[in-house]
Each structure stands twice: as structure tokens, then as C-alpha cells.
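Hi,

Here is the structure I promised to pass on.

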Amino acid sequence: MAEDGKKDSLMYKQVLVTYGYVTLWIFLSATVIMYNKWVLSFSGFPYPVALTLWHMFFCSALAFGVVKMGYVETINMSSETYLK
């Protein structure tokens, strides 16, 4: 009986952490969108494709760094599974 309470508590904690990550993701995404809008509209930056490329470069570098620092577990996947 006590173990069921522990499992429920752990599950609720994991759900809250997941919702926290999703909320953070949405907030950061909205912030980047508004910043990009400002850069393209008001600062006179005329290269939207270059802005997108820089954004993707930094996202990729951050993801690579997070995986290499061990914060996220890597997933080994075969090419057949990936292409399904």
C-alpha cells in the first residue's frame, strides 16, 4: 500500500516536470519568434534565411552540448528504425 503511494507520487512529479519543460519550451519559442519579428521588421535585417540558419545552428549546438554533458541519455537507433 505504501509503495502504491510512492509510485503515484513519483508519477505526479514526472508529470509536473514534463509540463514544466513543455511550458518552458513554449515560452522560449514565443520569445524567439517575437525577437525574430523585431529583427526582421524594425532593425532592418534583410536576410530571413540567414536568421533561420543561425537559429538552427545554435539549437543544434545547444542540443549537442546537452547530450555530450550527459544531461540527456543518447538513443542508439538503426537506420531501418529511423526511416520507418
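This is a predicted model: local features need pLDDT of at least 70, side-chain atom pairs count only at pLDDT 80 or more; totals for chains, interfaces and linings use all residues.

**What turned up**

Numbering runs from 1 along each chain as its sequence is written, and side-chain values use heavy atoms, with hydrogens and water left out.

Met 11 sits in helix H1, residues 2–41 (helices are DSSP runs of H or I, at least four residues, numbered from the N terminus). Together with Tyr 12, Val 15 and Tyr 19, Met 11 makes a nonpolar surface patch of about 440 Å² (patch residues have over 30% relative accessible area and no salt bridge, with nonpolar side chains joined within 5 Å). Met 56 is 45 residues from Met 11 in sequence and 33 Å away in space, C-alpha to C-alpha.

Now the largest pocket: its volume is about 710 Å³ (a pocket is an open set of points on a 1 Å grid, for a 1.4 Å probe, with protein on both sides within 12 Å along at least five of seven lines; lining residues have an atom within 4 Å of a point). There are 19 lining residues, and Trp 25, Leu 28, His 55, Cys 59 and Leu 62 lie nearest the centre. H1 and helix H2 (48–68) are the elements giving two or more residues to that lining. By type, the lining has 16 nonpolar residues, three polar and no charged.

Cheers

Terms used. Patches are made of residues with over 30% relative accessible area and no salt bridge: like charges are joined within 9 Å, nonpolar side chains (Val, Leu, Ile, Met, Phe, Trp, Tyr) within 5 Å. Accessible areas come from the Shrake-Rupley method with a 1.4 Å probe; for residues, only the protein chains shown count as cover. A salt bridge is a side-chain nitrogen of Lys or Arg within 4 Å of a carboxyl oxygen of Asp or Glu. Grid points are joined across faces, edges and corners, and a volume is the space filled by probe spheres set on the points. Ala, Val, Leu, Ile, Met, Phe, Trp, Tyr, Cys and Pro count as nonpolar, Asp, Glu, Lys and Arg as charged, and the others, Gly among them, as polar.
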